[in-house]
Amino acid sequence: MNSRIKNFDGQILSIGLGSQSDNSSRPLAIPAGTRDWLEIISTKCKPNTHNIAVRGSSTLKDLDAIGMAGNAVVTGCPSNFLSDNPRLGESIASKLPHIFERVCVASGHYKWDYLKSIEQDLLKLASETGGFYVMQSPSEMIALGLNKLHDLDASAQEEIRHFCYPESSSDEFDKLVKRIFKVYLNVSDWMLDMSKHSLVIGARIHGVMAGIQAGIPGLCIAHDPRTIELCQEMNIPYLTREQVASGLDKSKVAHALDIDWSAYDRRRALLLERYYSFLASNGVTPSRRLVRLKAQLCGQQMPS
């Protein structure tokens, strides 16, 4: 890839770049090939502009450690701007008294053994409240959301059942899969169904974002530094894997969601202004919807 983009005669933008690691130690060990890629990208921009939009401050620090921060700007994740509501946080705050009426879970990965007990708590919460259990990956779990349980080999079925519902029989698990396991093939349908829930919770940051952008409270189980960075940068409520190691109860969820949601709106306005400027300065025409949202969100003169 590096040799191909090196010979490309034009601008290149990188949007949503983020550090990934198994721990939060700094500085991050960045492979030589990735460093080469960053150096090439940094030459493919207009003078005096940023052409790398990063997820958060931790990623920016990692770039700074190798002298590559000059081309980067923190914008969070563009999924933060899916909703057209300029006071999204305030609207969500008004729904906090009813969060446990119907709970959606953004399911984890069945290989994440360290989240097994919390995943089982979450699945029970979704089932008891008539909510959905939404798959994003891997392909084996997506097959469940598509009601193709029996297309999987027996070992995969058993491993997934043991991950999220070990006390069930095969028949009980099959019935549960058909009743509440879901997969979405487009964002519009996903957000529409999220709007019919009272809360979305889980270890998938973008599954949680789908609910927040649909206007309902969302809580992320932030199980790695990448997810924590995104939550902190965008003012998304979260609990770490250590905080839920002893189990998850409703009082813990309610407490984590008791944040200043107007601060989320202020942060969203600041990040949108950066993202919009990033696009415009690089000659990319923002969509009409993004132009309209910026006029509403950033025109409110909210303090940053």
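Hi everyone, let me start at a glycine: just after helix α3, Gly 67 takes a positive phi of about 75°. Keep in mind throughout that this is a predicted model.

From that glycine, let's step back into the helix itself. Which residues of α3 are buried? In this helix, residues 57–65, they are Thr 59, Asp 62 and Leu 63. Their directions span an arc of only 100° around the axis, so they sit on the same side of α3. The general rule is handy here: an α-helix has 3.6 residues a turn, so residues three or four places apart point the same way.

And what does the opposite face carry? Turned away from the buried side of α3 are the exposed residues Lys 61, Asp 64 and Ala 65.

Next, what do the buried residues of α3 pack against? There are strands among the partners, namely β1 (14–17), β2 (52–54) and β3 (72–74). There are helices too: α2 (32–42) and α11 (225–234).

Now for the charged pairs. As a reminder, side chains of opposite charge can pair when their charged atoms come close. How many salt bridges does a search of the whole structure find? The search gives ten, and I'll walk you through some of them.

Let me begin with Arg 87 and Glu 90, whose side chains meet in a salt bridge at 3.0 Å, N to O.

My next pair is Lys 111 with Glu 159, a salt bridge at 2.9 Å, N to O. Lys 111 lies in the loop between β4 (103–106) and α5 (116–129), while Glu 159 belongs to helix α7 (residues 154–164), so this pair ties together parts that are 48 residues apart in sequence. As for accessibility, Lys 111 counts as partly exposed at 47%, and Glu 159 counts as partly exposed at 33%.

Then we have Asp 113 and Lys 116, where the side chains meet in a salt bridge at 4.0 Å, N to O. Lys 116 has 22% relative accessibility, so it counts as partly exposed; the buried class means under 20%.

Technical notes
Residues numbered from 1 in each chain as written. Predicted model: local features only at pLDDT ≥ 70, side-chain atom pairs only at ≥ 80, totals over all residues. Heavy atoms only, no water. Buried < 20%, exposed > 50% of the residue type's maximum accessible area, 1.4 Å probe, protein only. Helix = DSSP H or I, 4+ residues; strand = E, 2+ residues; numbered from the N terminus. Arc of directions from axis to C-beta. Contact = heavy atoms within 4.5 Å.
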